[in-house]
Amino acid sequence: MHRLAGEAAKFLTVGGVATLVSFLIFNGLVHGYFGGPGPMYDAPLVAFVIANSVGMLVSYRGSKSWAFRNREAVGPAGGRLAFFAINIVSMAIPLLCLAGSRYLLGLENPVSDNVSANVIGLGLGTLARFWAIRTWIFKKPPTRVERRETARV
């Protein structure tokens, strides 16, 4: 339980940094930085994908080198392909929340966009990613008994 709590705290810290990067890029693209609409105001879903793709790179680096550094990564690419696949699939959650807010409810202001995509959507997506990444990409480190048995062979 202690290891799970530590990994969860590190995962959330890495995710917080990646989310901040995504948040700044998304809001700049959609709502602009200087009071006017951004260059992608009419394409918030595309802007969200672009912003979160950059955030995904930040997240992978932090997850591999810090949050899950004691776990072995799966696959020949060090878990990169699976990591990005999980992130792309889980990106559907905040995209659906943003689309619902924008196109079903007609809310187009910065607060509505950020609450739907970056609070509700990313919160739900983060839970799904933590479980999937911990389960499928970064394997559980060997126990003391397994390490001793490997050392004897």
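The largest nonpolar core in this predicted model holds 24 residues, and Phe26, Phe48, Phe68 and Ile133 have the most contacts inside it. Such a core is a set of buried Ala, Val, Leu, Ile, Met, Phe, Trp, Tyr and Cys residues joined through side-chain atoms within 4.5 Å. Local features need pLDDT of at least 70 and side-chain atom pairs count only at pLDDT 80 or more, while totals for chains, interfaces and linings use all residues. Residues are numbered from 1 along each chain as its sequence is written, and side-chain values use heavy atoms, with hydrogens and water left out.

- Two or more core residues come from each of the helices H1 (2-31), H2 (44-67), H3 (80-90) and H5 (110-136); helices are DSSP runs (H or I, at least four residues) numbered from the N terminus.
- H2 supplies the largest share, six residues.
- Beyond four places in sequence, Ile133 touches Phe11, Phe68, Phe83, Ile86, Asn87 and Phe138 (contact: heavy atoms within 4.5 Å).

**H1 and H2**
- The axes of H1 and H2 come within 8 Å and cross at roughly 155°; axes are lines fitted to C-alpha atoms over the stretch in contact, and angles run from 0 to 180 degrees between N-to-C directions.
- H1 is therefore roughly antiparallel to H2 (angles over 145 degrees).
- By class, their contact has 18 nonpolar, seven polar and two charged residues; Ala, Val, Leu, Ile, Met, Phe, Trp, Tyr, Cys and Pro count as nonpolar, Asp, Glu, Lys and Arg as charged, and the others as polar.

**Ser112**
- Ser112 lies in H5 and counts as buried, at 14% relative accessibility (buried: under 20% relative accessible area, 1.4 Å probe, protein chains only).
- Leaving aside neighbours within four places in sequence, Ser112 contacts Ser101 and Leu107.

Definitions and conventions: Buried < 20%, exposed > 50% of the residue type's maximum accessible area, 1.4 Å probe, protein only. Parallel < 35°, antiparallel > 145°, perpendicular 65-115°, else oblique.
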